[in-house]
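Morning, everyone. Please bring up the model on your screens. I'll talk about pockets, then about the core.

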Amino acid sequence: MIKDRVTRVTGARVIRTALPAEAPAVTALHARARATYYPDGVPADGPDWPAAWRDAIERPDRHVLCAAEGGRITAVASFRTERDAPAGTVHLAQFHVDPGHWRRGTGRALHAACVEAWRADGMHTAGLSVHVDNLRARAFYARLGWIPDPRHPPAAGDHHVLLSYAVTGDESGRE
């Protein structure tokens, strides 16, 4: 995976690789986004998110893209190729848009940049898991062509739904 990607500029929005110094801002955005789909509040027993984001940004086997407007990060995506994954498969580990920037095309633009990177890396399929209660994200992914992963149907009581995306597809007809 190539770490130094070309920066995308669309109007006031810039999509680029996140910098290690931005881990606190990315962590704060992540917390704001997660708070919108946990009905009982964000669980406190998770990982050390600032350290996890810094690690994701710094590791050569992962890639973190961010959307920024006016110098402020408005969305973030983290992806990697899993060790035991089939060849040509990428895992979208995190994808968050700041709630104050929903419905402005930020998520769509960041997703398009991810797909562009995956295609450049020769990926054929992408996968992700989305929290079952995150109906907004599930609808967003469906509009972009993500489908329930046929290899991993959900089981009763699962907290996440696994989705799959054909990277080699044509996005021209998608929202």
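The lining of the largest pocket splits into 15 nonpolar, 13 polar and 7 charged residues. Nonpolar here is Ala, Val, Leu, Ile, Met, Phe, Trp, Tyr, Cys and Pro; charged is Asp, Glu, Lys and Arg; the others, Gly among them, are polar. This is a predicted model, where local features need pLDDT of at least 70 and side-chain atom pairs need 80 or more, while totals for chains, interfaces and linings use all residues. Residues are numbered from 1 along each chain as its sequence is written, and side-chain values use heavy atoms, without hydrogens and water.

A pocket is an open set of points on a 1 Å grid over the protein atoms alone, where a 1.4 Å probe fits, with protein on both sides within 12 Å along at least five of seven lines; lining residues have an atom within 4 Å of a point. In total, 35 residues line the largest pocket, and F95, H96, N134, A137 and Y141 lie nearest its centre. Which strand gives the largest share of that lining? β5 does, with 7 residues. Strands are DSSP E runs of at least two residues, helices H or I runs of at least four, numbered from the N terminus.

Now the second largest pocket. Its lining has 13 residues, with H91, G127, D149, R151 and H152 nearest the centre. β5 again gives the largest share, 3 residues.

Back to Y141. Contact means heavy atoms within 4.5 Å. Leaving out residues up to four places away in sequence, Y141 touches L92, F95, L128, V130, W146 and L163.
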